[in-house]
Each structure stands twice: as C-alpha cells, then as structure tokens.
Amino acid sequence: MSMRVALVGVGGIAQKGYLPVLATWEGVELMLCRRNATELERLQSQYHVERATTNLEQLIDWKPDAAFVLTPTPTHAEITRQFLHAGIDVLLEKPATPTAAEAQELAELADARQRILMIAFNRRYAPLSILARRMWGEQSIGFATFEKHRTKPFFRGFDEQVNEEDIHIIDMLRFLCGEAQAVKTVYTMDEKEGYFLQLSSLLKLENGGIATISATMRAGQWYEHYALNGGGSSLYLDAFSELRFVTPDREQKWSEPYPSAWQSSLVGRGFVGQMEHFFECVRARQQPLTNAWDSVKTQRVVEDIVAKS
C-alpha cells in the first residue's frame, strides 16, 4: 500500500531520525514543508522529493494520507488541528503540546474526526525497551530509578526542561512501571546564566512501589539508565545499548551492536519501529500504543512533578 506522507518542520530531529528512513521506504511518497526556503530546497534535492513548499495550506491541499509534525512544541497544537480537520492522520513529535490540557483537546479532536493521532515517544519502540517490558512482565516493583544525564545545559526554564527533555524518562517510567504520582521534586538552576542544571523527583507508583527520576546537565557523558527492582528480580537498561535481567540464580544480558549516540542505528533507538507502528495503525484504523490519550497521562505526570517542586 502506497502512502503520501507530509513532513512539517524538517529540521534537526527530522534529518536525524525520520528522513533517512522514510526516504528509503518503498511506497512512501514524501512531501516536505519548511519555512526556510533555502534549506527546504537543499533537502528536497538531497532526498529526491518531488513536492516541497513553505506554505502549510498548500501542503494540506496536496492531500497527504498522513503527516509528521516535527516543529517546535508551541506550534504543535495549531498545525495538528489543521491536519485533523482536513481528515489527515498525524504523528506528532513529543511533547504533544506545552500543557496536558492542550494535549487533551487534541485527543478529543482526533476522536471527533476519527483520525489517528500518535505521539512520538521513540524509546518505547526501541527493541531493548520492548524486551525489558516483556522480561519484567507483571512482577511487582518495589523500587525503580530513571536517570537521564547530559553534558551541558540548554533549557533556561525548569518547566520547559521537564516537558521537553525529561518527559522521555517520565514516559518510560509509565511504560515499565505503570501509573505514578509525584511526592516531592527538588531542582537547581544556574543562577548566573539561568539554565536548568539538575533535578530529582520522588514518585509513588500505583502498585505501591516507589520510583525516582533524576537528571543533570553537567555529566561527563550522555547517559540514560533505568533500573527496576522487586519480587526477587532486578532489571537494568542502559538506553539503546544494553539490558540485564538478574535473579538470585541467573543473569541474562542483551546488547545492541553500537554505541549510544546519534550516529547509531535508528532501529535500536526506536525510530524505525515507531514509524512502522504508526503506518500499521493508519492502515488498520487502530489506536497506537502512544496515542494522544496516553500522552495526556504522561504530561499530567510531568505537571505533577513540576507542581511538587
């Protein structure tokens, strides 16, 4: 089945995670939209795309079957609304919107228009993440930790940091542990430059366990790690690279054959699985794993973490 796919906002994330894959898939006809005409022309030539425009209305007039909205977060709601009203299914980069309330409005609109609206939480579609979920199964969780560390700060607002950057590990907490409620959050900012530096948040899991989320922007290297403990088992996942599942009498280990960096496999980072899942849902008219309503739950946890600071 061929599919006409519009990409709106073909900047960094599109060029790293989406275009290199979509441009090679048989049956996918790409349409590009970007405000920067020079960059748009370069990408159109690089990926041999027939139709490209700086005008969103013209893009919609071309009647794509689906759209990838990869623009900055403050623009998500308005662009997505236009596609949904036009009867076009949407894969929307995370976070869906700046607030959970806006995300809920999009979810309601997608339902009303009977459209697929999927939010791009690529970590859920990484092979090691899927395996981790399967290996842990339904065991109870006593204590879990989710860490995401970077080497330099780039967000000046605490709210923006949690919603744009730390939302990934918050969503992975929900994926691996179930629902959670924040108890207490502490964070620090660079008082001179105004950048976010680090946070730690304690959460109570719905099943009775507890979890922590932590992040720093002054680590020695890019590092993302999740750990689950309970029921006589421990699970350790170094994002996109290694998974260990440990019981008192056995240790199992799985590894991806590359370092955790942007030049590594887009299969291992979940981008390929994410797009495959979206296209399957569009064809079958079924709700995605990371549909808009599920994203609302993640953004509510984000706001709860911020409120408890």
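The model is predicted, so local features are taken at pLDDT of at least 70 and side-chain atom pairs only at pLDDT 80 or more, while totals for chains, interfaces and linings use all residues. Residues are numbered from 1 along each chain as its sequence is written, and side-chain values use heavy atoms, without hydrogens and water.

The largest nonpolar core has 67 residues, and F83 and F146 have the most contacts inside it. By such a core I mean buried Ala, Val, Leu, Ile, Met, Phe, Trp, Tyr and Cys residues joined through side-chain atoms within 4.5 Å; buried is under 20% relative accessible area, exposed over 50%, and partly exposed in between, with a 1.4 Å probe and protein chains only. Helix α7 gives the most to this core, with 10 residues. Helices here are DSSP runs of H or I of at least four residues, strands are E runs of at least two, and both are numbered from the N terminus. Leaving aside neighbours within four places in sequence, F83 is in contact (heavy atoms within 4.5 Å) with residues including V8, L56, I60 and V90.

I turn to the helix pair. Helices α6 (residues 127-136) and α7 (residues 158-177) pack at about 35 degrees, their axes 9 Å apart; the axes are lines fitted to C-alpha atoms over the stretch in contact, and angles run from 0 to 180 degrees between N-to-C directions. From α6, S129, A132 and R133 meet M172, F175 and L176 of α7.

Next, D190. This residue sits in the loop between β8 (180-189) and β9 (196-205). Is D190 buried or exposed? At a relative accessible area of 14%, D190 is buried. Its side chain reaches the backbone nitrogen of K192 at 2.9 Å, and a polar atom of that side chain lies 3.0 Å from the backbone nitrogen of E193. Beyond four places in sequence, D190 is in contact with Y195, L197 and R218.

Finally, the backbone. Most residues other than glycine have a negative phi, and most peptide bonds are trans. K94 and P95, however, are joined by a cis peptide bond, with omega about -15 degrees. H48 has a positive phi, near 55 degrees, and is exposed at 73% relative accessibility. K63 also has a positive phi, near 60 degrees, and is exposed at 58%.

Definitions and conventions. A polar contact is a pair of N or O atoms within 3.5 Å; within protein, one must be able to donate a hydrogen and the other to accept it, and residues adjacent in sequence count only if both atoms are side-chain atoms.
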